[in-house]
Amino acid sequence: MLIALAAASSVPLLDLAGRLVRGKQPTWAGMVFIGAGGISVGLAMALHSPIFILVKSAVMSGILGLAFAFSAVIRRPLTRTLALRLSSDHPEGRRRLAERWRHPRAHAVFCTLSVAWGALLLAMAGQQAALAVTVSPGTVMVVDGPSHAVLTVLGTVWSIMYVRRIQRRHPDLGLLPVRTKTSA
């Protein structure tokens with residue numbers, strides 16, 4: 001059982017290998033997951049307990065939840081940073097969005113989203129930790145992924161609905177992309 005869990009934890013290594021084969025740089029997130037996986041597998045093997053592998057996702061979710069919540073508290077919301085990074089490949093486009101999203105109302109929206117995602121990720125961490133210590137490793141493997149996916153989808157849907165509601169009240173914020181009509 002321990003070997004199977006360790007093998008399942010090595011999926012980030014496959015991503016790293018694929019990136020290196022394609023000549024791409026490893027991502028910092030991928031390196032964090034590889035490090036966390038290495039630590040959890042090492043502890044599990046050394047102490048002959050799968051709990052370290054099973055609780056890894058709870059620890060990662062908890063750390064991310066705290067990071068999102070803390071970013072809102074210090075008024076540098078991670079949701080804004082991620083939205084900017086994912087919005088455009090062009091630095092000029094990101095710069096224009098960053099200017100627009102510095103508006104206090106837009107900033108408040110991103111802070112609210114960071115708090116909400118922080119709370120959701122902390123709740124996920126609690127759920128994942130409870131699973132890891134109360135049910136069999138096989139059950140954890142079956143339930144953890146789908147429950148994580150469902151909660152992430154629900155969080156995403158809520159985020160979009162929240163931003164759309166704010167966008168309708170304040171269209172000048174430009175929080176969501178707008179479709180433009182092209183003439184043929």
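Predicted model: local features only at pLDDT ≥ 70, side-chain atom pairs only at ≥ 80, totals over all residues.
1. Overall composition. The protein chain contains 9 helices and 0 strands. Its pattern along the sequence accordingly reads α-α-α-α-α-α-α-α-α.

2. Dimensions and burial. The C-alpha trace of the protein chain spans about 60 × 40 × 35 Å along its principal axes. Of the 184 residues in the protein chain, 34% are buried.

3. Contacts across the sequence. Considering contacts in the protein chain between residues at least 6 apart in sequence, 65% link residues that are at least 24 apart.

4. Geometry of helix 6 and helix 7. Two packed helices are described by the angle between their axes and by the distance between those axes. Helix 6 covers residues 78–87 and helix 7 covers residues 91–100; they pack at an angle of about 150 degrees, and their axes lie 9 Å apart. Because angles over 145 degrees count as roughly antiparallel, helix 6 is roughly antiparallel to helix 7. The crossing of helix 6 and helix 7 is right-handed.

5. Residues at this contact. Helix 6 contributes Arg 80, Leu 84, Arg 85 and Ser 87, which meet Arg 94, Leu 97 and Ala 98 of helix 7. By class, the residues of the contact of helix 6 with helix 7 comprise 3 nonpolar, 1 polar and 3 charged.

6. Salt bridges in general. Side chains of opposite charge can pair when their charged atoms come close. The structure holds 2 salt bridges, and each is taken up in turn below.

7. Arg 95 and Glu 92. How far apart are the closest N and O atoms of the salt bridge between Arg 95 and Glu 92? The distance is 2.5 Å. Both residues belong to helix 7, and because they are 3 residues apart there, about one helical turn separates Arg 95 from Glu 92. As regards accessibility, Arg 95 has a relative accessible area of 42% and is therefore partly exposed. Glu 92, at 37% relative accessibility, also counts as partly exposed, since that class lies between the limits of 20% and 50%.

8. Arg 102 and Glu 99. The other salt bridge joins Arg 102 to Glu 99, with the closest N and O atoms 3.1 Å apart. Is Glu 99 buried, exposed or partly exposed? Its relative accessible area is 46%, so Glu 99 is partly exposed.

Methods: Residues numbered from 1 in each chain as written. Heavy atoms only, no water. Axes fitted to C-alpha atoms, helices over the stretch in contact; angles between N-to-C directions. Helix = DSSP H or I, 4+ residues; strand = E, 2+ residues; numbered from the N terminus. Parallel < 35°, antiparallel > 145°, perpendicular 65-115°, else oblique. Left-handed = near helix turned anticlockwise from the far one by under 90°. Contact = heavy atoms within 4.5 Å. Nonpolar A, V, L, I, M, F, W, Y, C, P; charged D, E, K, R; others polar. Salt bridge = Lys/Arg side-chain N within 4 Å of Asp/Glu carboxyl O. Buried < 20%, exposed > 50% of the residue type's maximum accessible area, 1.4 Å probe, protein only.
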